[in-house]
Amino acid sequence: MAPKHQAPRGTRDLLPEELQRWQWIESRARGVLARYGYGEIRTPMFEDYELFARTSGESSDVVQKEMYRFKDLGDRDLALRPENTAGVCRAYLEHGLGGRARIHRLWYMGPMFRYGRPQKGRYRQFAQIGAEIIGTPAPGADVEMIALFVDLFAAWGFGDLAVLLNSVGTPATRRDYAAALRHWLEPVKEKLGADSRQRLETNPLRILDTKNPDELAILSGASGDLTTPMPHMLDFLDADSRAHWDAVRQGLDALGIGYEVDHGLVRGLDYYSRTAFEVHDRSLGAQSALGGGGRYDGLIEALGGSPTPGVGFSIGLDRVALVLEQRGEGVPAPEPSVFIAAMDSTRDAAAALARELRREFTVELDVEARGFGAQMKAAGKSGARLLVILGEEEWTRGEVALKQLTTGEQRLVTRDALAAELRGALGR
Ligand code: HAM
């Protein structure tokens with residue numbers, strides 16, 4: 001019979017076995033972030049709808065099509081967060097962090113919500129880990145961010161990543177570039193899909209984000225529809241943005257961080273300025289972006305703060321876990337465990353002993369008061385490395401049997417020496 005309830009479309013349950021990989025991913029990341037000197041921040045999973053509309057951009061897919069927007073019982077207009085940069089900046093302002101220190105290095109991890117069409121690597125609830133440096137326009141901050149981004153992936157065993165890099169300049173750059181793109185695409189207007197035709201009017205940069213193969217062929221020149229090559233945003237940068245771009249590239253070169261300039265990289269959110277970056281893994285298919293980020297110098301001002309530049313990124317943990325799973329990586333070796341088996345008369349003693357040993361060891365114990373044979377079977381199945389048997393007579397003498405389940409070797413040890421014996425047998 002089919003169960004009455006299923007997890008809502010686009011959401012998933014993560015069961016213990018899969019969570020081992022997630023915990024490994026998280027603990028690796030925490031180590032890297034701590035060594036880079038970032039402090040964790042936790043903000044609410046929902047915020048005022050306006051916060052996202054104002055920052056992600058009214059014309060972005062995230063706001064137009066993907067928002068979990070709702071009214072609460074107090075008639076407040078709220079939304080489940082589709083991303084967390086806006087929330088972090090809201091918190092930065094709300095707590096006056098700018099008055100406490102000039103530069104803040106923050107990171108976060110948690111669920112985000114976007115109402116997209118679910119497919120491999122794309123969910124309606126997904127998790128991100130992200131980092132932000134708020135308070136400096138210096139290109140060195142962009143370089144540190146990209147280094148941290150790459151080093152997180154390295155800690156997860158991705159040694160071979162190419163970072164895609166572009167500059168999206170300032171709002172003025174993008175206005176000029178949008179006009180140039182519009183002009184360039186005018187002759188093929190009728191060949192574009194309905195979405196892109198609409199975007200040609202509202203925000204032509206978004207057309208560069210298309211996944212439609214026919215449109216991709218037009219953009220790359222492969223279809224032969226356009227005879228002049230696509231204009232590049234980099235050619236529209238003002239002098240300051242150009243100098244910033246050069247300095248970021250130089251900083252990455254100095255660190256030996258590989259990148260490819262991607263003229264089509266525009267990012268899906270509207271708050272970016274200057275540096276934009278992403279990494280992809282083709283094994284994921286259509287949803288190949290593992291993470292992305294960039295600079296957002298106007299965001300805090302748009303939220304009513306004084307001009308405060310920032311730069312950051314987010315990484316999709318579901319996608320990282322998927323790639324590691326495909327590669328069979330990222331599962332930590334399980335902690336070797338001890339199984340305690342008891343007779344009817346030593347059951348209570350076994351429970352007390354298990355509780356005591358669990359201060360130090362991973363201990364399994366039958367809680368169903370089953371017979372000795374059933375406990376032996378369970379011990380065999382459990383994958384435990386050691387078996388401790390509380391026989392009635394031995395226990396009365398202050399002894400237990402200690403068996404190596406891998407070799408079958410068994411001997412008596414005293415109750416008092418048990419912890420030391422277990423340590424020795426587990427090679428600690
Ligand atoms: P984003 O590119 O929208 O950037 O998302 C970052 C990553 O989240 C994506 O590369 C992808 O791995 C993952 N992701 C996004 N949507 C989904 C989904 N529906 N299912 C699974 N994974 C998904 C941001 O969110 C910005 N806040 C990054 C940033 C931080 N920029 C500056 N600071």
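Select strand E12, residues 337-342: six of its six residues are buried. Here, buried means under 20% relative accessible area, exposed means over 50%, and partly exposed lies in between (1.4 Å probe, protein chains only). Strands such as this one (E, at least two residues) and helices (H or I, at least four residues) are DSSP runs, numbered from the N terminus. The model is predicted, so local features need pLDDT of at least 70 and side-chain atom pairs count only at pLDDT 80 or more, while totals for chains, interfaces and linings use all residues. Residues are numbered from 1 along each chain as its sequence is written, and side-chain values use heavy atoms, with hydrogens and water left out.

Display the side chains of E12 next. Ser337, Phe339 and Ala341 point one way, Val338, Ile340 and Ala342 point the other way, and all are buried. In a regular strand the side chains alternate between the two faces of the sheet.

Four bridges join E13 to E12, and the two strands run parallel; two strands pair if DSSP finds at least two bridges between them. Which residue of E13 is the bridge partner of Phe339? The partner is Glu364.

Continue past E13 to Ala369, in the loop between E13 and helix H14 (372-382). Ala369 has a positive phi of about 50 degrees although it is not a glycine. Is Ala369 buried or partly exposed? With a relative accessibility of 48%, Ala369 counts as partly exposed.

A second residue of this kind is Arg274. Select Arg274 in strand E9, residues 273-280. Arg274 is not a glycine, yet its phi is positive, at about 55 degrees. Arg274 is buried, with a relative accessible area of 16%.

Return to the loop between helix H12 (317-327) and E12, and select Glu329. Glu329 has a relative accessible area of 33% and is partly exposed. Leaving aside residues up to four places away in sequence, Glu329 touches Arg21 and Leu324; contact means heavy atoms within 4.5 Å. Then draw a distance from Glu329 to Thr275: these residues are 54 apart along the chain, and their C-alpha atoms are separated by 32 Å.

Move to helix H4, residues 85-94, where eight of the 10 residues are buried. The buried residues are Thr85, Ala86, Gly87, Val88, Cys89, Arg90, Ala91 and Tyr92. What covers the buried residues of H4? The cover includes strand E2 (46-48), helix H2 (49-56), helix H5 (97-100), strand E5 (104-113), strand E6 (125-134) and helix H11 (299-302). After H4 comes Gly96, with a positive phi near 55 degrees.

Finally, show the whole protein, which has 16 helices and 16 strands. Its C-alpha trace spans about 90 × 55 × 50 Å along the principal axes. The radius of gyration is 28 Å, whereas a compact globule of 428 residues would have one near 22 Å; the radius is taken over C-alpha atoms, and the globule rule is 2.2 Å times the number of residues to the power 0.38. Buried residues make up 47% of the 428 residues. Of the contacts between residues at least 6 apart in sequence, 69% join residues at least 24 apart.
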